[in-house]
Amino acid sequence: ANYEVVKENKEYEIRKYSDRLVIETNSIEGNGFRKLFNYISGNNEESQEIKMTVPVTQEIKNENMTMQFYLPLKFNKDNAPKPSNSDIKILTIEGGYYAVIKYSGRSSDKNFLKNKNLLEKRLLQGGVRLSGELNRIFK
């Protein structure tokens, strides 16, 4: 995904992203990664394999945890392989400013929430004003 770093320190970055295409699924019981990985491994209607991209994102939507993989820039809504699994959606994420924190460990809701809270705390300590609830972090 194309972005410009507008602020950075050793703990986080603020990035300005352009619009980007993602595949998304609910990560109920931690199986979101597997569903998305299967899609890029060729489990889609065109049996097309897609290279893994970064970042992988997690987001809270309607009180549910979701996970997203970015699709390479060569894809758009018209030429992206259609998902075989009805749990996977292809979406365009609107560009804008996003706070980014890198972390390791298992891709679990618990780890996500721990790092989300840490990022919010660090942003506020750094004088960054949050517009609305911060609910997206990147790995």
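In which strand is the place of Ile-23? Select residues 20-26: this is strand 3, and Ile-23 is in it. Before going on, note how the tour works. This is a predicted model, in which local features need pLDDT of at least 70 and side-chain atom pairs count only at pLDDT 80 or more, while totals for chains, interfaces and linings use all residues. Residues are numbered from 1 along each chain as its sequence is written, and side-chain values use heavy atoms, with hydrogens and water left out.

**Stop 1: the whole chain**

Zoom out. The protein chain has two helices and eight strands. Helices (H or I, at least four residues) and strands (E, at least two) are DSSP runs, numbered from the N terminus. Trace them from the N terminus, and the order is β-β-β-α-β-β-β-β-α-β. The radius of gyration of the protein chain is 15 Å, close to the 14 Å that the globule rule gives for 139 residues, so the chain is as compact as a globular protein of that length. That radius is taken over C-alpha atoms, and the globule rule is 2.2 Å times the number of residues to the power 0.38.

Now colour by burial. Of the 139 residues, 42% are buried. Buried means under 20% relative accessible area, exposed over 50%, and partly exposed in between (1.4 Å probe, protein chains only).

**Stop 2: Ile-23 and its surroundings**

Go back to Ile-23. Is Ile-23 buried or exposed? Its relative accessible area is 0%, so Ile-23 is buried. Show what is around Ile-23. Leaving aside neighbours within four places in sequence, its contacts include Leu-36, Tyr-39, Met-67, Phe-69 and Ile-90. Contact means heavy atoms within 4.5 Å. Next, pick Ala-80.

**Stop 3: the nonpolar cores**

Which residues have the most contacts inside the largest nonpolar core? They are Ile-23, Tyr-39, Phe-69, Leu-71 and Ala-80, in a core of 14 residues. A nonpolar core is a set of buried Ala, Val, Leu, Ile, Met, Phe, Trp, Tyr and Cys residues joined through side-chain atoms within 4.5 Å. Strand 3, helix 1 and strand 5 each supply at least two residues of this core. Helix 1 gives the most, with three residues. Apart from this core lies another, of ten residues, among them Ile-101, Tyr-103, Phe-112 and Val-128. In soluble globular proteins, nonpolar side chains tend to be buried together.

**Stop 4: a polar side chain inside**

Select Gln-68 in strand 5 (residues 64-70). Gln-68 has 0% relative accessibility, so it counts as buried. Which side chains make polar contacts with the side chain of Gln-68? One is Thr-57, at 2.6 Å. Another is Glu-59, at 3.4 Å. A polar contact is a pair of N or O atoms within 3.5 Å; within protein, one must be able to donate a hydrogen and the other to accept it, and residues adjacent in sequence count only if both atoms are side-chain atoms.

**Stop 5: the rings**

Show the aromatic side chains. How many aromatic pairs are there? The count is four. Rings of Phe, Tyr and Trp (its six-membered ring) pair if their centres lie within 6.5 Å; planes under 30 degrees apart count as stacked, over 60 as edge-to-face and the rest as tilted. Pick Tyr-3 and Tyr-17: this pair is tilted, 5.1 Å centre to centre, with 40° between the planes. Tyr-3 lies in strand 1 (residues 3-8) and Tyr-17 in strand 2 (residues 13-17), so the pair ties together parts 14 residues apart in sequence. Tyr-3 is partly exposed at 40%, whereas Tyr-17 is buried at 3%.

Move to Phe-33 and Phe-69. Their pair is edge-to-face, 5.3 Å centre to centre, with 70° between the planes. Phe-33 is in helix 1 (residues 32-40) and Phe-69 in strand 5, 36 residues apart.

**Last stop: a loop**

Select Glu-45, in the loop between helix 1 and strand 4 (56-61). At 55% relative accessibility, Glu-45 counts as exposed. Not counting residues up to four places away in sequence, Glu-45 touches Lys-82, Pro-83 and Ser-84.
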